[in-house]
Amino acid sequence: MLCGSSDCVCFFKLVVFLGFVAWTVVLSVIGSGISSNSKVDMILQLIGWAAVLVTAWRIGVQIFKGIQCYVMKRNVDFAAFGKWAVVTGSTGGMGEAFVDEFAARGLDVYMLGRSEEKLAELRERMAGKHPTRQFSTLRIDFNTDTNIQAKVVSALGNLDIGVLVNNAGRADDLPGYFHDMNVDLGMEMININVRATSVMCHSVLGGMKRRQRGAIINVSSFAAINVCPQMSLYSATKSYTIHLTKTLDSEYAQHGVKFQCLTPSFVQTKMAGAYLDTSQPNALMPAPEKYVQAALNTFGVSMQSSGYPLHSLFSWIIYLLPCQMARKAGDQKMDEMIAFARKKQGLPETSSHDGNVNGFANGVERNGVSSNGHGCTAPASVANGGGTLHRGAAGSGDDESLVRQRLQ
């Protein structure tokens with residue numbers, strides 16, 4: 001249950017640690033063999049043990065961070081960053097959970113979403129639950145609206161924005177080869193996962209820098225820290241989120257603005273519901289409220305975190321498994337996800353892709369078994385000419401006929 005720049009970092013450092021131990025022995029043997037000079041032998045041993053101690057220290061720091069994140073009773077005071085929290089993709093799933101949790105922690109909340117009706121319902125719900133807090137809404141579509149920054153800046157005005165959560169996200173309707181992906185869907189993913197995150201950060205950072213305080217949480221995905229065949233563009237856009245967060249954290253650290261990037265595995269949301277049964281939460285797929293409570297309390301300890309103890313442990317286990325075993329598990333999980341998604345969309349159960357569909361790869365040889373877990377924007381079909389175009393498997397006559405029917 002580690003919580004560092006990568007949840008698997010301690011495992012790799014353990015490998016390095018054991019390597020240094022072995023190298024110390026080798027150096028000692030070589031030193032004894034090539035010289036009878038005790039000083040040479042002593043110097044070689046000191047070099048080895050210094051490396052061991054440095055690595056052991058780093059491992060200890062990461063383990064302590066894990067304990068801070070998930071064992072110690074932390075309750076981060078986000079109200080200290082400012083009066084308002086801004087949450088994108090706020091009308092369901094993790095977005096709504098963020099709104100609820102920030103209000104419970106003493107912040108007023110500005111809620112952004114695509115549906116005016118859902119925003120109104122959420123505002124009424126939250127106002128009834130937290131009568132002492134203020135709730136404001138902004139209807140905005142990060143994919144289709146023009147000049148979104150002007151709308152955001154106009155709405156937020158001179159509010160004391162203390163916290164921003166970029167939670168809105170978009171994933172594939174159906175995993176598949178990159179060249180089969182509908183271009184409109186690809187651009188929608190880029191607009192929501194990349195452009196919107198960048199614009200929102202840009203819109204609030206000026207005020208945060210002037211006030212010398214602020215917190216920005218960008219929601220990425222476990223798919224971003226692994227090679228993710230069949231969901232390549234989604235994985236790439238979420239990797240952008242990680243790198244942007246790390247860069248901005250370094251850029252604004254001296255100005256009192258703190259950043260965090262969350263990389264959850266599956267959470268019980270509509271987005272995850274496109275690929276698996278989310279009717280009931282479980283140990284590895286927590287309810288949004290449970291995930292958000294755990295994730296927010298890792299803020300300030302870990303700049304990048306899975307945000308949930310079992311997600312961190314799961315990530316570590318995936319890296320620990322032998323390559324072939326991890327690959328087999330990844331292939332099996334991806335096949336299950338694709339089969340579930342195809343059935344849900346009314347497509348044939350068997351895929352038209354040749355051979356077994358690769359699962360989430362961890363490096364070149366290794367596959368993981370995770371995907372996006374976050375999201376308020378449920379995977380929906382891409383509107384095209386008044387019809388609905390799902391990402392089918394190109395080359396399949398049955399799939400193409402079904403797609404044509406959906407377009408008519």
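A: Start with the contacts of D145. Leaving out residues up to four places away in sequence, D145 touches R139, I140, K151 and R195; contact means heavy atoms within 4.5 Å. This is a predicted model, where local features need pLDDT of at least 70, side-chain atom pairs count only at pLDDT 80 or more, and totals for chains, interfaces and linings use all residues. Residues are numbered from 1 along each chain as its sequence is written, and side-chain values use heavy atoms, with hydrogens and water left out.

D145 sits in the loop between β3 (135–139) and α5 (148–156). Helices (H or I, at least four residues) and strands (E, at least two) are DSSP runs, numbered from the N terminus. The relative accessible area of D145 is 11%, so D145 is buried. Buried means under 20% relative accessible area, exposed over 50%, partly exposed in between (1.4 Å probe, protein chains only).

Two polar details stand out for D145. A polar atom of the D145 side chain lies 2.8 Å from the backbone nitrogen of D141.

Now the rings. Phe, Tyr and Trp rings (six-membered for Trp) pair if their centres lie within 6.5 Å; planes under 30 degrees apart count as stacked, over 60 as edge-to-face, the rest as tilted. The count comes to 8 aromatic pairs.

Terms used
Polar contact = N/O pair within 3.5 Å; in protein donor to acceptor, adjacent residues only side chain to side chain.
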